[in-house]
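Q: Could we go through this structure feature by feature, with the general idea first and the particular case after it?

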Amino acid sequence: MHTPLRIACLADDSPKAQAAFAELSRQYDFIDIAGKRTKPDVLVALGGDGFMLQVLHRYMHRNIPVYGMNCGSVGFLLNNYATENLFERIAEARVASLHPLIMYTRTMDGKERQELAINEVSLFRESRQAAKLRVTIDHVVRVQEMIADGVLVSTPAGSTAYNFSAGGPILPLTAKLLALTPIAPFRPRRWRGALLNHQSSITFEVLEPKKRPVSAVADFTEVRDVISVSVFEDRSITLSLLFDPEHNLEERITKEQFSF
């Protein structure tokens, strides 16, 4: 006999997600994610893409595969919501393995901080003055001086989100690339970004930080008044997302490139 999957379930605070949680709880025996004795085999997340990112961040070091069901709007990182055949859907799901980015920052007051990003690391101007940045890739200065609203480094999983809206390329999940994309660049006028090997180390130096203050954001965590930001992929952490075969993440990313 096969041992039933031990499933934990978390839901967003939205009425739709809470109603879905109540409906599923009547059909399935979920275990407590915070339980010390039993580790879930799978974590089901009910909400939108923002909630999915929160769940992935919160339980990143638990090594629990996450099967999301969309109770939000877009739901790019989630499966369609349904109550039927949950165990069968999870058993047949395909795994998408992701690695987060590490964002290491230093601020004007001398503090250092490290955060993780699943989608992207972004730098933004804090005032009416455009940001002035120097971009170094693997210890080689590639852009001596960039003037822009900001810049971002995106993973393949995040390439269809803010990166794409900023004019960056969509990256296949298996591409082993990072997208470096400027946000509303003024100088250099013709530079529209670069594709980098996923093992690259990217460093941004903030020029004139007092006159042109800059903040750095790892997904939804912001650090203000930075003077330098280093970004690189953390291969020691692997996130496992589960997708129904007909809605796997690789296919979704490919389809986004042919959406008109």
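Q: Is Phe21 buried, partly exposed or exposed, and what is its relative accessible area?
A: The model is predicted, and every value here is computed from it. A residue counts as buried under 20% relative accessible area and as exposed over 50%. Phe21 has 28%, so it is partly exposed.

Q: Which ring does Phe21 pair with, and how do the planes lie?
A: Planes under 30 degrees apart count as stacked, and planes over 60 as edge-to-face. Phe21 and Phe30 are stacked, with 20° between the planes and 6.4 Å from centre to centre.

Q: How are the rings of Tyr28 and Phe87 arranged?
A: Their planes meet at 65° and their centres are 5.6 Å apart, so this pair is edge-to-face. Tyr28 is in the loop between α1 and β2, while Phe87 belongs to helix α3, so the contact ties together parts 59 residues apart in sequence. Tyr28 is buried at 10% relative accessible area, whereas Phe87 is partly exposed at 30%.

Q: Which residues form the aromatic cluster?
A: Phe21, Tyr28, Phe30 and Phe87 form one cluster. The count of aromatic pairs is four.

Q: Helix α3 has come up; where does Arg89 sit, and is it buried or exposed?
A: Arg89 is in helix α3, which covers residues 86-92. With a relative accessible area of 15%, Arg89 is under the 20% cut-off and therefore buried. Leaving out residues up to four places away in sequence, its contacts include Tyr67, Met69, Tyr81, Glu84 and Asp244.

Q: How should I read a sheet, and what is the strand order here?
A: Strands of a sheet pair through backbone hydrogen bonds, either parallel or antiparallel. Here an open sheet of five strands runs in the order β1-β2-β3-β16-β4, and its pairing is mixed. The edges are β1 (7-11) and β4 (94-98), each of which pairs on one side only. From one strand to the next the twist averages 30°.

Q: Which bridges hold β1 to β2, and in what sense do they pair?
A: Five bridges join β1 to β2 (residues 42-47), in the parallel sense.

Q: How does β16 pair with β3 and with β4?
A: β16 and β3 run parallel and are joined by two bridges; Tyr67 stands opposite Leu242 of β16. β16 and β4 run antiparallel and are joined by five bridges; in this case Ala96 stands opposite Leu241 of β16. Four of the five residues of β16 are buried, so the strand is largely enclosed by the rest of the structure.

Q: Which strands does helix α2 lie across, and at what angle to β2?
A: Helix α2 (residues 49-58) lies across β1, β2, β3 and β16 (239-243). The helix runs at about 150° to β2.

Q: What is the phi of His139 and of Ala184?
A: His139 has a positive phi, near 70°. His139 lies in the loop between β8 (131-137) and β9 (140-154), and is exposed at 80% relative accessible area. Ala184 has a positive phi of about 50°, but its place is in strand β10. At 47% relative accessibility, Ala184 is partly exposed.

Q: What is the overall make-up, and how compact is the protein?
A: The protein has five helices and 16 strands. Its radius of gyration is 20 Å, close to the 18 Å that the globule rule gives for 260 residues, so it is as compact as a globular protein of that length. The C-alpha atoms fill a box of roughly 65 × 40 × 35 Å along the principal axes. Of the 260 residues, 50% count as buried. Among contacts with a separation of 6 or more, 67% are between residues 24 or more positions apart.

Definitions and conventions
Residues numbered from 1 in each chain as written. Predicted model: local features only at pLDDT ≥ 70, side-chain atom pairs only at ≥ 80, totals over all residues. Heavy atoms only, no water. Pairing = 2+ DSSP bridges. Axes fitted to C-alpha atoms, helices over the stretch in contact; angles between N-to-C directions. Contact = heavy atoms within 4.5 Å. Buried < 20%, exposed > 50% of the residue type's maximum accessible area, 1.4 Å probe, protein only. Phe/Tyr/Trp six-rings, centres within 6.5 Å; stacked < 30°, edge-to-face > 60°. Rg over C-alpha atoms; globule rule 2.2 N^0.38 Å.
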